[in-house]
Amino acid sequence: IKPTGLSPLVDNVVVTGYCVDLLHWMYSPVDTELDSMSNWGIPPYGGVGNAAGRRAAYLADTYGAGATDALHQAALQMAIWEVLFETSGSYSLTSGLTQFQNRGGANWGTVAGFAATYLGSLPQDLSAYDAYWLKTANHEGGYSQDYMVANPVPEPASMLLLGSGLLGLAGVVRRRMRKQVY
């Protein structure tokens, strides 16, 4: 996904997004709007509740950066769908409202195992977790598939540059203070 015009944090940056909308498909081109997963709800049905959005945000924030291969990404997508669409409060990949079936895939056990691990790690307190909800609509105003994007993690070079600038500023302040004392 390459969102534009959304935020300085994700503007014109390629990001990994996970589907949070099973009712619509992706149109091209689309208009985008950025919101918080704590406000998540499938249009036109409105907010399903911020607990489901925060659960999905926890999964993306915790496991998104480590999901660098297709198996982990598929497992994370399954876990996200499970927490967003399963309303019973109990998470199982093969029973309940949201169900996944093994259609003979060689990696089903691996993917299902990763997803179960992700779901088993959900904390009770989700207040610290949020992610971006990338809402989309086609140019005619119709709904299009929505995505969730984990909060970006600052890259090490930017943090190093910020730290160097702060150290330099501290040095200047210290030098000025010494001149005033003498």
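Buried here means under 20% relative accessible area with a 1.4 Å probe, counting protein chains only. The model is predicted, so local features need pLDDT of at least 70 and side-chain atom pairs count only at pLDDT 80 or more, while totals for chains, interfaces and linings use all residues. Residues are numbered from 1 along each chain as its sequence is written, and side-chain values use heavy atoms, with hydrogens and water left out.

**The whole chain.** Zoom out for a moment. The protein has four helices and four strands, in the order β-β-α-α-α-β-β-α from the N terminus on. These elements are DSSP runs numbered from the N terminus: helices are H or I with at least four residues, strands E with at least two. Of the 182 residues, 34% count as buried.

**The sheet.** Now show the strands. They form an open sheet of four in the order β1-β4-β3-β2, with antiparallel pairing; two strands pair if DSSP finds at least two bridges between them. At the edges you will find β1 (17-19) and β2 (30-36), each pairing on one side only. From one strand to the next, the twist averages 30 degrees.

Next, select β2 together with β3 (residues 132-138): seven bridges join them in the antiparallel sense. Along this pair, D31 stands opposite A137 and S36 opposite Y132. Stay on Y132 and look towards β4, where its bridge partner is V149. β3 and β4 are antiparallel too, over three bridges.

Axes are lines fitted to C-alpha atoms, for helices over the stretch in contact, and angles run from 0 to 180 degrees between N-to-C directions.

**The helix pair.** Finally, select α1 (residues 50-63) alongside α2 (residues 70-85). Their axes come within 8 Å and cross at roughly 165 degrees. The two helices are therefore roughly antiparallel, the term for angles over 145 degrees. Show side chains to see where they touch, with contact meaning heavy atoms within 4.5 Å: A52, G53, R55, A56, L59, A60 and Y63 in α1 meet L76, A79, I80, V83 and L84 in α2. Colour these residues by type and they divide into ten nonpolar, one polar and one charged. Nonpolar covers Ala, Val, Leu, Ile, Met, Phe, Trp, Tyr, Cys and Pro; charged covers Asp, Glu, Lys and Arg; the others, Gly among them, are polar.

Methods
Angles under 35 degrees count as roughly parallel, over 145 as roughly antiparallel, 65 to 115 as roughly perpendicular and the rest as oblique. Buried means under 20% relative accessible area, exposed over 50%, partly exposed in between (1.4 Å probe, protein chains only).
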